[in-house]
Structures are given as structure tokens and as C-alpha cells.
Amino acid sequence: MRSAILKKWISPVNIFILLFFIKAIFLAFFVIPLWDVPDETGHFSYVRDLAEFKGFPFLGESLIGGDIQSHVYQEEHRGPVGNWIAQHPPLYYLLAAPFYWAGQLLTDDSEMLFRAPRVASALSGSLTLFVLDRIMSAFGLQLLIRLSILAFFSSVPMYSLLSSGTNQDTTLALFCSLATLSWIHFLKNKSFNDSLLCAFWLSLSILTKMTALVFSFALMLTTVLYLKQICSLRKWIFNSSLLALVSLGLPSLWMLRQYLYFGSPFITASSFG
């Protein structure tokens with residue numbers, strides 16, 4: 001029994017994913033310069049604000065600290081600037097905060113602390129590869145083909161870069177991949193529980209980045225249309241309403257917060273000129 005479990009987990013795909021994670025960690029701490037990942041100063045500031053219990057940042061008020069600016073420009077006494085990415089939903093930053101806390105327990109080196117949240121991106125990037133393999137397995141692809149596609153996908157330079165820096169994009173990719181896998185299972189098994197799971201992952205993807213709304217609309221629309229073919233009208237209305245509640249309930253709270261404070265659920269830095 002134990003050998004069967006070990007054989008299942010010590011597989012070529014899992015070894016490949018583990019090697020990718022090790023590569024991403026190595027890049028994150030020893031190769032990719034700080035702040036080279038797009039908007040990393042803002043993403044890190046968001047993580048640190050939450051890790052230091054300052055609450056969710058406000059666009060137009062929250063700042064990128066002077067210590068970060070001094071590190072970016074290698075000049076002392078640089079002043080803080082506005083954090084232009086503070087409009088993003090908080091899920092990624094909440095998930096990255098524990099890695100910042102862990103860094104504080106291990107070191108007081110500011111260079112390492114600046115890099116600590118990058119672990120969350122490396123982990124998300126690696127888990128996305130695992131889910132991608134599950135998606136390919138659902139279509140019956142053989143091991144060699146799956147490995148080849150994973151190697152191609154993971155060797156894209158931008159994917160390695162995003163997996164090695166503080167940003168929410170690989171976490172977004174993870175939740176969208178999980179939603180896609182659940183959606184495929186729903187279409188194959190016609191199980192409403194799979195569609196609920198898909199809606200749940202879509203909810204987390206929107207709470208990671210609002211751009212996931214477009215993807216969520218496509219998956220939920222196709223799910224609801226398919227349910228209409230296999231359910232009675234009454235059951236279809238109930239199930240569709242439940243899917244809408246699961247997929248949009250929590251994101252709606254964030255959008256309501258943005259609307260109450262800024263007058264728009266989709267506020268961005270460009271709204272401030």
C-alpha cells in the first residue's frame with residue numbers, strides 16, 4: 001500500500017514540477033533582481049501592509065515605502081510614492097503574507113525580506129503545472145506528451161519570471177486552471193458538485209484579480225446553458241442562482257467596497273489621472 005502511494009507521487013511529472021519549483025525559488029532569491037518583475041514594488045507593499053496589519057490598502061492613499069524606493073534607485077532618503085496597484089482584490093496578498101512573516105522569523109536582512117513573498121508565486125506557478133497535467137490527463141494524453149507540453153509551457157521566459165517575483169499572476173493562473181479542471185469534470189460526469197467547485201475556484205480567481213471576471217463569465221455561461229439541457233426549469237433556476245451566488249458572492253463584497261469608497265467597482269490608478 002505504502003509503495004503504491006509512493007509510486008503514485010514519485011512520478012516523472014511530479015519530479016519535473018518539483019524541479020521547476022526549485023528553479024523558481026533559485027531565480028527568486030539569487031538571480032532575478034528585486035523589482036524587475038512588473039509592478040513588484042506595489043505588490044510587495046500590498047503584502048507588507050497586510051502582514052503588518054495595516055488593513056486593505058486604499059488606492060490614492062496607500063504608499064510604497066521610502067525604504068523600497070531607496071532600494072529601487074539605490075539612493076538614501078527617497079520618499080514614498082503612491083501605490084498604483086492598490087485597487088487589486090486581496091486574496092494573493094493574504095496568501096503571500098505568511099511567507100513574509102516566515103522571512104521575519106528567519107532573518108532581519110531587508111534584501112531577503114523583500115524577496116520572501118516571491119515564494120507564494122513560485123508555489124502557485126508550480127501547482128499550476130500540476131493542475132495543467134490533470135487537465136491533460138482528463139483528455140487521455142500520454143505521459144510523454146504531457147511532459148513535453150509542461151516543459152514547453154514552463155520554459156516560457158515570462159512564466160518563469162512571474163513565478164519568481166512578487167505578483168498575483170501565477171496565483172490567478174492556478175485558480176483559473178482549477179476552475180477549468182472542475183468544469184471539464186462537470187461536462188464529463190454531469191455532476192452538479194463539479195460545477196459548484198468550478199464556481200468556487202472562479203470566485204477565488206476574481207478575488208485574486210478582477211480580469212478573471214471575463215473568464216468566469218464564459219465558464220459560468222456555458223455551465224448554465226448545459227444545465228438547462230439536463231435539468232427541469234425549476235431545478236435549473238435554483239442551480240443557476242446557486243452558481244451565481246458561489247462564483248460572485250465574495251467578489252461582489254470587494255466590488256461593493258470599491259464602489260462605496262470610489263464610486264466604481266472597477267477603479268484603477270488611471271481613474272486618478
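Q: What makes a residue count as buried, exposed or partly exposed?
A: Buried means under 20% relative accessible area, exposed over 50%, and partly exposed in between, with a 1.4 Å probe and protein chains only. The model is predicted, so local features need pLDDT of at least 70 and side-chain atom pairs pLDDT 80 or more, while totals for chains, interfaces and linings use all residues. Residues are numbered from 1 along each chain as its sequence is written, and side-chain values use heavy atoms, without hydrogens or water.

Q: Why is T223 called buried?
A: T223 has a relative accessible area of 1%, so T223 is buried.

Q: What makes the approach of the T223 and W183 side chains a polar contact?
A: A polar contact is a pair of N or O atoms within 3.5 Å; within protein, one must be able to donate a hydrogen and the other to accept it, and residues adjacent in sequence count only if both atoms are side-chain atoms. The T223 and W183 side chains make such a contact at 3.5 Å. The T223 side chain also reaches the backbone oxygen of L219, at 2.7 Å.

Q: Why are α2 and α7 called roughly antiparallel?
A: The axes of α2 (residues 12-31) and α7 (residues 118-138) cross at roughly 160 degrees and come within 9 Å. Angles under 35 degrees count as roughly parallel, over 145 as roughly antiparallel, 65 to 115 as roughly perpendicular and the rest as oblique. The two helices, α2 and α7, are therefore roughly antiparallel.

Notes
Axes are lines fitted to C-alpha atoms, for helices over the stretch in contact, and angles run from 0 to 180 degrees between N-to-C directions. Helices (H or I, at least four residues) and strands (E, at least two) are DSSP runs, numbered from the N terminus.
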